[in-house]
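Colleague: I would like to learn how to read helix packing and nonpolar cores. Please take me through an example.

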Amino acid sequence: KMTQQMRDLQLAQARKPPGPSSPNAAKRLYRNLSGKFRVNYTSFDEGSLAGRGDKDKLRKSYLFQSNAALFEAVELQDLERVQELLKQYSPEELDLNTPNSEGLLPLDIAIMTNNAPIAKALLQAGAKESPHFVSLESRCLHVSTLVREAEQRLNELTAQVVNEAPSADCSDKEKQLKAWEWRYRLYKRMKAGFEHARVPDAPTNVHLSVASSSSVQVTFWEPLSVNSAVVTKYKVEWSCSSTFSQVLGEAVVDKLKNLHYTIQGLTSGTAYYVRVSAYNMKGWGPPQASLPPFAIPSNWREYDGRAPRRRGQAEALDHLLSQVKTVHQHCVCHEPCKNQPQSRKHSVSKSLKHLFHPGSKFLKALKRGLYLTTIFYKDDNILVTHEDQIPVVEIDDSYSCLLMQDFLWFTKVSCMWEEILWLRQCVTVSQSSCSCILQTRFKMLLAISQMQGLLGIQDLGQVFFEPVKDKQGNILIVTLKEVKSNQTFESVRWVPLCKLQSSRKSVSSPEEPTALDTLLISIQDKLAYHQRSSHALTPGLYLGYLKLCSAVDQIRVLVPEQLPNILCHVRIRSNSNVSREEWEWLQKMTSMDEPVPAEPEAESSQDPFFHELQVAIKELMSLVNIPLQEAKDFRLYSQEVLDFGEQVSFLLLLPPSDDVCTAPGQNNPYTPRSGFLTLPLQIFELGEGR
């Protein structure tokens, strides 16, 4: 069969132009072709093509050439070109796992020539070994056949070149001869690489941890020695016996970007032993048992059987809101709302034209009062009115109430942008009391409706955590919303932010800028805050630091600027689960009034959780600029683990009880370094875990 394949290949080559006569010639050939591969399809005169079928043929031709270029790059050990092709094309476009005429895949050539960098690049792209190699014997036979047939072809061509008189055909045969000499050397290298290789050593740093009440997670590193052959996969086995006399299950890990595996569907309270072994082209190496040797699936809630704190809360609140709506739906004040035609909801494209209409109710300048402004941004562009102004509407021109209370109420309303009309009707009922607070909040709802109507968009975005004020008595409540690139709006004026800032004609002095000038000056900081507040933590268990400070009308919480929706924190480990045994140890430590374990101890290596916690506390103390010796007065919150979804959880580190919340005028001896800010507690609660 192999001989027939080689004959077919020779016939095909006889019909094609002569191949590369040397490694350098081959390298020049595929690099010249590669330059053509990078040409965009639209650079061709597609008008000359007969139709769509010809375009498809053209693309298939490109993909075939890219597959050939990948084989050439691997054979010539050109790592840079391999990486370029893998980045430029998908595995499917490259036919990454389709064998060539010799029955080989790019990964086979890389591992049999022991080119570890190229093999790893291919593995991360999803490359597999040839399915023809079902055993060591089949691989050995396949490579030996390639070497033998290449040698036979080499001898035939040598005899033809020696015996024939000089001619054009002879010149072609000389080129074929040089190409086969190079291919013969490649196959011999592959055969030598296979013969000298040995099975890999056992993986290193095999660590076992409890992932949940029904799963455990094993992480591991590559073997210290792969014995001249790249590791292409790993095998994870688990058993209830330390001798693995009965293996309960096994799994193959062939995605090598992250070396870990989670074993699911286990029984809570049962001990499971795990071991991992590595594989290369010579077979499976010896297994390595994990440390600790076994793990018992569990969760900290099993310690006292408590249910999740937030279970059913969202559903209960939705039900409560539905009941409130039901009670109010028959009110007289809601008749106009019920009779409101569906056309009330402006289409986006139609309503945004109001931005440029002379009758627009957006304000050009501020007088003394309370205002709402909305910043829509896309990349480095800002949405503006027809007069190149950020959209601003008036809330109250004679505001005199308690700003912080109303502002915090406004931030809660921002969670219900779709319900503004309904909320307006509800507040109208109570307006007869004529209280300052109710009147102001009704005006806030009117301003929101006005902004929504002028923009034609209900969702005005996220409220910035503090209003913008000036000495003239103006107050700006700012909302921010990022417009995704795939969203399209008609008749909208987008202005580069730098142009908007440079072209604005300020009517105030640098010493006393207006609220609008202050907003434009600091708009980059506000956009950065908005983007950062939507970032999510990577999965894991974290140690958070809870520090509050109080003022006359609010309590504020310390947060990092880079992630303002989360407390100051460091990651303890990638596994977010706290097992029952770990929680029991933590409870025991707190009940004995033990100090926080800040300094590493010799026996900490015997307890991974203890050691991880010590390292995290030391890192967190440094982060918030607190001397490590002060950690003895700090406490770990032992009432619960704070869960944020299924992948992120927090333990809390608390200062001494007298220092948890700093009172106005109280001296704080430990000021965090730059990179932190304080948010109003209610604002933080709204954005927590967002």
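Modeller: Start with helix H4 (residues 79-88) and helix H7 (residues 116-124), whose axes lie 10 Å apart at an angle of about 5 degrees. This is a predicted model, in which local features need pLDDT of at least 70, side-chain atom pairs count only at pLDDT 80 or more, and totals for chains, interfaces and linings use all residues. Residues are numbered from 1 along each chain as its sequence is written, and side-chain values use heavy atoms, with hydrogens and water left out.

Colleague: What describes two packed helices?

Modeller: The angle between their axes and the distance between the axes. Axes are lines fitted to C-alpha atoms, for helices over the stretch in contact, and angles run from 0 to 180 degrees between N-to-C directions. Helices are DSSP runs of H or I, at least four residues, numbered from the N terminus. H4 and H7 are therefore roughly parallel (angles under 35 degrees).

Colleague: Which residues of H4 and H7 make the contact?

Modeller: Leu79, Val82 and Leu86 of H4 meet Pro117, Ile118, Ala121 and Leu122 of H7; contact means heavy atoms within 4.5 Å.

Colleague: What is a nonpolar core?

Modeller: A set of buried Ala, Val, Leu, Ile, Met, Phe, Trp, Tyr and Cys residues joined through side-chain atoms within 4.5 Å. Buried means under 20% relative accessible area (1.4 Å probe, protein chains only). The largest such core here has 76 residues, of which Ile375, Ile382, Leu476 and Ile477 touch the most other members. Helix H15 (residues 436-455) gives this core its largest share, eight residues.

Colleague: How many residues of the chain are buried, as a percentage?

Modeller: Of its 690 residues, 44% are buried.

Technical notes. Buried means under 20% relative accessible area, exposed over 50%, partly exposed in between (1.4 Å probe, protein chains only). Helices (H or I, at least four residues) and strands (E, at least two) are DSSP runs, numbered from the N terminus. Angles under 35 degrees count as roughly parallel, over 145 as roughly antiparallel, 65 to 115 as roughly perpendicular and the rest as oblique.
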